[in-house]
Amino acid sequence: MTVRKIVNYPAAILELKCKEVVKFDKKLGKVLDDMYDTMIEFDGVGLAAPQIGLDARIAIVDIDDDSGTIEMINPRIVKQEGEQTGPEGCLSFPGLYGEVTRPNYVKIEAFDRKGRPYTLEAEDFLARAIQHEIDHLDGILFTTKVSRYLEEDELEGAECE
Ligand SMILES: [Zn+2]
């Protein structure tokens, strides 16, 4: 188990458009395993590679439901529908939470750690987490989408991604 250090805002790597992964090798598997350990250690529901200092289009999401851990390499959003507004946090912004409006439904295409392409549809909170992580890969931070910052007594249901 290797817990990596989380990169906190401000840091240039958090606002970069990350590079595509071209090699689906053992090193990629190790990065994904470390990202999982790091996400669990810091009690997050998702983590993107730039948050551990890597310029690569790799992200994971695990909201502790039936979907398990979703590993997304070079993910691409192919469809978005509807709207949801809810509390959001980010492991790179400790203690900061805000209300963010995002599409309620998302369909993505991505690759798994073996380089196999897959398609995934998600709604509600899972869709929120997936879109938060994919934004990270384009250097887009949730703070650019916050409509209202939340006080401590309003944090019910807020998770860090
Ligand atoms: Zn985040």
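Where is the place of Glu 133? Glu 133 sits in helix 2. Keep in mind as you look around that this is a predicted model.

**The overall picture**

- The protein's secondary structure comes to two helices and eight strands.
- If you put a box around the C-alpha atoms along the principal axes, it comes out at roughly 45 × 35 × 30 Å.
- Buried residues account for 36% of the 161 residues.
- Take the contacts between residues at least 6 apart in sequence: 69% of these join residues at least 24 apart.

**The nonpolar core**

- The largest nonpolar core holds 35 residues, and those with the most contacts inside it are Met 35, Leu 47, Ala 49, Ala 59, Ile 60, Val 61 and Ile 130.
- At least two residues of this core come from each of helix 1 (26-41), strand 1 (46-48), strand 2 (58-61), strand 3 (70-81), strand 6 (105-111) and helix 2 (124-137).
- Helix 2 supplies the largest share of this core, with six residues.

- The unreviewed UniProt entry lists Glu 133 under "active site".
- Glu 133 has 24 other C-beta atoms within 10 Å, so it counts as buried.
- Not counting residues up to four places away in sequence, Glu 133 touches Gly 46, Ala 48, Ala 59, Val 61, Met 72 and Glu 161.

**Leu 120, a residue on strand 7**

- Leu 120 belongs to strand 7 (residues 117-123).
- Is Leu 120 buried or partly exposed? Leu 120 is partly exposed, because 17 other C-beta atoms lie within 10 Å.
- Leaving out neighbours within four places in sequence, Leu 120 is in contact with Ile 70, Ile 108 and Ala 110.
- Ile 70 is 50 residues away from Leu 120 along the chain, and their C-alpha atoms are separated by 9.4 Å.

Conventions:
Residues numbered from 1 in each chain as written. Predicted model: local features only at pLDDT ≥ 70, side-chain atom pairs only at ≥ 80, totals over all residues. Core = buried A, V, L, I, M, F, W, Y, C linked by C-beta atoms within 7 Å. Buried ≥ 20, exposed ≤ 12 C-beta atoms within 10 Å, placed from the backbone. Helix = DSSP H or I, 4+ residues; strand = E, 2+ residues; numbered from the N terminus. UniProt positions renumbered as here; feature names shortened; annotations may be inferred. Contact = placed C-beta atoms within 7 Å.
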